[in-house]
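Welcome, and thanks for taking a look at this one with me. Please open the structure and keep it beside you as you read.

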Amino acid sequence: MSHLQALNEYQQRAVTTVDGPLLIIAGPGSGKTRVITHRIAHMVSDCGIAPYEIAALTFTNKAADEMRTRIERMVPDSYVWTGTFHRFCSRLLRKHATLAGLEENFSIYDSSDSLRLVKQAMEAVHPKDIRYRAESIANEISRAKSACIDAENYGRFALNALQTVTTPVYEVYQSLLSSSNAADFDDLLLHVVTILKNSPDLRQELDEHFRYILVDEYQDTNLAQYAIVRALSIDHPNLAVTGDPDQSVYSWRGANIKNILEFEKDFPNAQIVRLEDNYRSTKSILRVADQLIANNRQRKHKVLRTENVEGDPVRLVAFPDQQTEAQSIAEELSLWLKDNIYQPDEIAIFYRANWLSRSIEHALRTAGIPYQIVNGYEFYQRREIKDLLAYLHLLNNPSDSVAFERVINVPPRKIGKITVQRLKEFAAENRISLFEAARQSGLIDTIKKGAATKVAGFCALYDKIAIDATESVERLLQTIIDETKYIDYLVAEDTPEAHERAGNVEELLLAAREFDIAHPDDGGLEAYLEQTSLVNDVDAWDSANAAVTLMTLHAAKGLEFPVVFMVGLEEGLLPHERSSVDEEEVEEERRLMFVGITRAQQKLNLSRCMTRFRRGRVWPIIPSRFLMELPRSEMEISEPPNTHYANLVDGSRGAADVWNEHEMAQEILQSQDEDDVPFAMDDLVEQENSPQAKKTSAAKSSPDSSLPAEKPEAFNLVSAAEMLAGNGNNPQPSGLNLSAGQFVFHPTYGRGHVDHVEGSGKKQLATISFESVGEKKIKPAFSNLVIIGR
DNA sequence: TATTCGCAAGTTTTT
DNA sequence: CTTGCGAATA
């Protein structure tokens, strides 16, 4: 029982419960990873379970690698399968591809590949139909697949207009995928679901093989993933899942929180262990997290307790704009780093959306602070990288039409759209792949001789490259680059950008070489392509790198840092404008903030801006409603003097949108009965099943759900939600009363100084000298002014 | 066929 | 401010 040392009572229970279904509800910082690794080590070394009978499904490859290393360290030579769901399914699918109508060398399409295909399908179904954007339809298809609805059955579920339009597109899209011998991300899961359903023998065999299954971050699994683990836990229901409903932040991509909430229903004999002792954060950080998340109604009560020190108060700062926000953070970091108070790798900066990293990057670069941005995804999305990978895809899978179309004329070979169109038609008529059609281009009478010669040239190039197809990936890539003169093509325009692209190609070669070294035997082109297709952001993150980490809140899940900055805590950003009305979505945004807060071990710094540059304009900004839900009295708050956010709402464009959203939400809420008792689990389950789920759930939240627990004092920060809920007699602010000497901000003219005012209230007329356009006379009541100080 | 220009639209989160 | 797309031109 060596694996039980230094574990608390609950952790020990989780580790020693080996057989039968097990649910581990693990709060943030509760030592979950330790528990999982100890549990597996215990299973192998104390219970005599063979390592190959265990599969551990994690959320990121990074987490999988870490887990594998830790297990290896405890029990040498134990090969336990660890990896993500998508990788797990990809492996299964390679083995049993024919059962899903694929060949084993199928391509995996990322979202941009599949978007291209959706556009083609739309073009085929309704030419020039512009009622819906391809993105919406692609998203709808993805949603359906996550919910295990295939193209055949989708039509039966189509209720609204979007779904009706999607139905035929989905079918064509699926046939395009199949003729390209390709699977999109969702297919990886859905095909496996289908196989397990249609092949009972295989299902049984796999159930027997993976007798012990462990799923991490179970709150973020979707229906397809659920179906897979269920199917593999029928004869051997040794399914252990860990998760935390309060950290469920992926419902937008089909994750179903019901999976974890209903685990006990699925497995009536399930053991349940709660890990509630937090070993990560200070008491003050934890109280902030706890008070925030308490505002979620759809939630099981959970306590967060720690023996850790009280720690510094959580800080909340308001900045006039994002440059100041970024610079201030950079300045503070400079001081800390200079005095060695913290090391760069102990610090992280989180934000809601990727583009928010730009101003921070700029400030850090200027200040000479080393940083790393976590979005490896971006690298593989670059044009030059996608081009070269498309060549590899085409070599591995000549049916791959998306890859073919991508490279047929890159670098330019004077093969145009029309020729490709003709090839496509020919391919469709004769039910052959685009590439096969290209090989016969000389025989296609719609294609002119000149064009056919060029296409034949491309085929010859392909064959020349293909000689190296069984060489190392690096060598193959090098051959492609040489034969296509790809670098020359890139550097043709002699811009700095072009050379950066060339640099990226070098980086790709380097990565390929690393792959070759790491996979001397099990490598090969197919494995390399699988790896590059299934990378995620966090996988590229190097925790040992001596640099400040910049990442999105989503990417931060599962990590921890001594010092955390969270920026842009503003309405429209967190909660995001696209998730700020529907109460369920707002709760997910709140969980996202909860995740961010609970990453911090010692210091937590929250900030927001009063204006933000976005879409080519500077917009006035309302603070995030979540800031009102924190225990403000015990926090260290710096709000600027003389700011009247109430005035922002009046007539100001950006703020008005937010205002309207609050108002709409409010109306929905008030039109409902208020006799509902606080959230109960069964209610949630019922709601999800009913077609009116969304409406019903909105009714569950009482109108004051976003109100601060206690009235804020000593600051003049007022959220729109609070004003609405206020005394009801002040729905519209009465206009801005300026006084001479103030500095103001105007959305068009920018920053200005109030020289002179006459009158008051709505009739007030102010003379303001703007830095940009000089003196203007303005009626404050009717313009979008923000007072930014004196 | 390639390039260029202008316009429009859109910027969540990711396997 | 970016990016992608479509039409008009060389």
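Here are some numbered points on helix contacts, a pocket and a few backbone details.

1. A word before we start: this is a predicted model. Please read every point below with that in mind.

2. Let's begin with helix H4, residues 85-95, and helix H26, residues 525-533. Their axes come within 11 Å and cross at roughly 150 degrees. Angles over 145 degrees count as roughly antiparallel, so H4 is roughly antiparallel to H26. The crossing of H4 past H26 is right-handed.

3. Which residues of H4 and H26 make the contact? On the H4 side they are Arg-87, Ser-90, Arg-91 and Arg-94, and H26 brings Glu-526, Glu-530 and Gln-531. Sorted by class, this contact of H4 with H26 has 5 charged and 2 polar residues, with no nonpolar ones.

4. Now turn to helix H14 (residues 283-293) and helix H28 (residues 583-597). The axes of this pair come within 10 Å, crossing at roughly 170 degrees, and that makes H14 roughly antiparallel to H28. H14 contributes Ile-285, Val-288, Ala-289, Leu-292 and Ile-293 to the contact, while H28 contributes Arg-590, Arg-591, Met-593, Phe-594 and Ile-597. Here the class count is 8 nonpolar, no polar and 2 charged residues.

5. H5 gives the most, with 6 residues. By class, the lining of this second largest pocket has 8 nonpolar, 8 polar and 8 charged residues.

6. Two peptide bonds deserve a check by eye. Val-410 and Pro-411 are joined by a cis peptide bond, with omega about -5 degrees; Pro-411 sits in the loop between H19 and H20. Another cis peptide bond joins Leu-574 and Pro-575, with omega about 5 degrees. Pro-575 lies in the loop between strand E15 (561-566) and H28.

7. Finally, have a look at Asn-340. Its phi is near 60 degrees, a positive value in a residue other than glycine. You will find Asn-340 in the loop between helix H15 (322-338) and strand E12 (347-351).

Key. Residues numbered from 1 in each chain as written. Chains lettered and ligands numbered in written order. Predicted model: local features only at pLDDT ≥ 70, side-chain atom pairs only at ≥ 80, totals over all residues. Heavy atoms only, no water. Axes fitted to C-alpha atoms, helices over the stretch in contact; angles between N-to-C directions. Helix = DSSP H or I, 4+ residues; strand = E, 2+ residues; numbered from the N terminus. Parallel < 35°, antiparallel > 145°, perpendicular 65-115°, else oblique. Left-handed = near helix turned anticlockwise from the far one by under 90°. Contact = heavy atoms within 4.5 Å. Nonpolar A, V, L, I, M, F, W, Y, C, P; charged D, E, K, R; others polar.
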